[in-house]
Amino acid sequence: MKKVELVFVPSPGVGHLAATVEMAKLISDRDDRLSVTIFIMKLPFESEDGKTTESVASSIRFITLPRIEISSSSSTSPANFFTDVAKAYTPLAREAVHELMTRSGSVRLAGFVIDMFCTSMIDVANEFGVPSYLFFTSSAAFLGFVLHLQSLHDHHNLEITEFKDSDAELEVPSFVHSVPGKVFPSVVFDKEGDEIPILLHHTQRFRETKGIIVNTFVELESHAINSFSGDTSPPIYPIGPILNTEVESSEVQQQAIEIMNWLNDQPPSSVVFLCFGSMGSFNGEQVKEIAHGLEGSGCRFLWSLRQPPPKGKMEYPIEYGNKEEVLPEGFLDRTTKIGKVIGWAPQVAVLAHPAVGGFVSHCGWNSTLESLWYGVPTATWPMYAEQQLNAFQMVKDLELAVEIKTDYDKDKGYIVSSQDIEKGLRQLMDADSEVRKKRQKMQEKSRKAMMDGGSSYSYLGYFIEDMMTNVP
């Protein structure tokens, strides 16, 4: 039988690509009828290293599309920017698929697996006469949220901007509790710009796919997943948690070794780890409040601290040249025995370390799943995109996190006080908290879901069989 080829098109950026690679490995390892090609789109400010593509199964092929220069200040949000990038790469993806099928004459093209910002690639799949599938890298609850908003907009003329900075709540089928407007993604409040039309356009196109693969598991999001049962949307396949739990050899650099050696000297479950994702950074005033909160709590800490990029630029944060200049005077000296301030952090390795007992997180979905996998309690400090909704879900719906903030937005200039930070840290590091106990139970469930006979293992099988029946 001829091999069947799946083409994956992830959004650019570390988080999206890493999750896609891990899903591709799961699929190719599960069924030897399948081979996978992943198209890589580079952001203008990304380096050329191939760290994410190392140590990957031989049945996966990577094709890095030619770099396109796009102004990093041309869009007002990450969602818009990633959408612009995907549109610009669409002709190159079309050419790459044509070349791939010309070279691989013995391979049948089964379809495209696209990311949430890459719906323009559905047109390419249609041109080749194959189905598209969506890989949704966030939660099932957020998927339900955007589908519900799109339905309310199309059929009930809901004016979503009325919820801006409001305590008014919206009933969303995928959430247990009504969702307050203050945790809605800021993109939905862009009344004058094009962010709402773009979000609604993507969501409408989700419904054109043959199925939606979600990086979650039934035991974590049973309410959200069950909320789709009577929906006319494509079938949902929860096959997570999809994680890269291996520390690649290229990451074991001197900085990582120093961090791990420091953790080796700390007591079990004693360290709170503060890390805010690949785009997370703070200005000087907020940095000082975090430092005062840490010092007041008395907690041992490992703090990944990075500097914001130039204003108006969509770029990754950079390292502070001299951390002492932004921290309170004498902070490093006073905390030298209990804390370590770093730049880049090997997050998976840190969360896996037995010395880590708490995680102050931006609530990106990858980070949320990683913390669950390692059973590390989380305190919420969302930054942008859907992270406020993730924080709300973890604190209110699932009671799996402690709240520092659920409605923080890095672009609003709001400062979280040292008192709120200290209070959250004390709750986070409480050894007898209900959150800690629930996390430990969910850790076990997350691992069972991926095993033979587990819920996600089964859903992956359903997806493969359904996909094979749709092969042209």
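The exercises below, each with a worked solution, concern a predicted model.

Residues are numbered from 1 along each chain as its sequence is written. Local features need pLDDT of at least 70, side-chain atom pairs count only at pLDDT 80 or more, totals for chains, interfaces and linings use all residues, and side-chain values use heavy atoms, with hydrogens and water left out.

**Exercise 1. Helix α8**

Task: Check the span of helix α8 against its number of residues, and state which of its residues are buried and what covers them.

Solution:
1. Helices are DSSP runs of H or I with at least four residues, strands are runs of E with at least two, and both are numbered from the N terminus.
2. The expected span of a helix is 1.5 Å times one less than its number of residues.
3. For the 14 residues of α8 (284–297) this gives 20 Å, and the end C-alpha atoms are 20 Å apart, which agrees.
4. Buried means under 20% relative accessible area, exposed over 50%, and partly exposed in between (1.4 Å probe, protein chains only).
5. By that cut-off Q286, V287, I290, A291, G293, L294 and S297 are buried in α8.
6. These residues cover an arc of only 165° around the axis, so they are on the same side of α8; the arc is that of the directions from the helix axis to the C-beta atoms.
7. An α-helix has 3.6 residues a turn, so residues three or four places apart point the same way.
8. The cover of the buried residues includes β10 (271–275), β11 (300–304), α9 (331–334) and α13 (418–428), where contact means heavy atoms within 4.5 Å.
9. Just after α8, G298 takes a positive phi of about 75°.

**Exercise 2. A residue of α13**

Task: Is S418 buried or exposed, and which residues does S418 contact?

Solution:
1. S418 lies in helix α13.
2. Its relative accessibility is 13%, so S418 counts as buried.
3. With neighbours within four places in sequence left aside, S418 is in contact with E289, H292 and G293.
4. G293 is also among the buried residues of α8.

**Exercise 3. Helices α1 and α15**

Task: Describe how the axes of α1 and α15 cross and which residues meet.

Solution:
1. For α1, 17 residues should span 24 Å, and the end C-alpha atoms are 24 Å apart, which agrees.
2. Axes are lines fitted to C-alpha atoms, for helices over the stretch in contact, and angles run from 0 to 180 degrees between N-to-C directions.
3. The axes of α1 (14–30) and α15 (455–469) come within 11 Å and cross at roughly 75°.
4. The two helices are therefore roughly perpendicular; the classes are under 35 degrees for roughly parallel, over 145 for roughly antiparallel, 65 to 115 for roughly perpendicular, and oblique for the rest.
5. L26, I27 and R30 of α1 meet Y457, L460, G461, F463 and I464 of α15.
6. The residues of this contact divide into 6 nonpolar, 1 polar and 1 charged. Nonpolar covers Ala, Val, Leu, Ile, Met, Phe, Trp, Tyr, Cys and Pro, charged covers Asp, Glu, Lys and Arg, and the others, Gly among them, are polar.

**Exercise 4. Backbone in the loops**

Task: Where are N157 and S269 found, and what joins G240 and P241?

Solution:
1. N157, in the loop between α4 (140–156) and β6 (169–170), has a positive phi of about 50° although it is not a glycine.
2. N157 is exposed, with a relative accessible area of 67%.
3. S269, in the loop between α7 and β10, has a positive phi of about 55° and is not a glycine either.
4. S269 is partly exposed at 43%.
5. G240 and P241 are joined by a cis peptide bond with omega about 5°.
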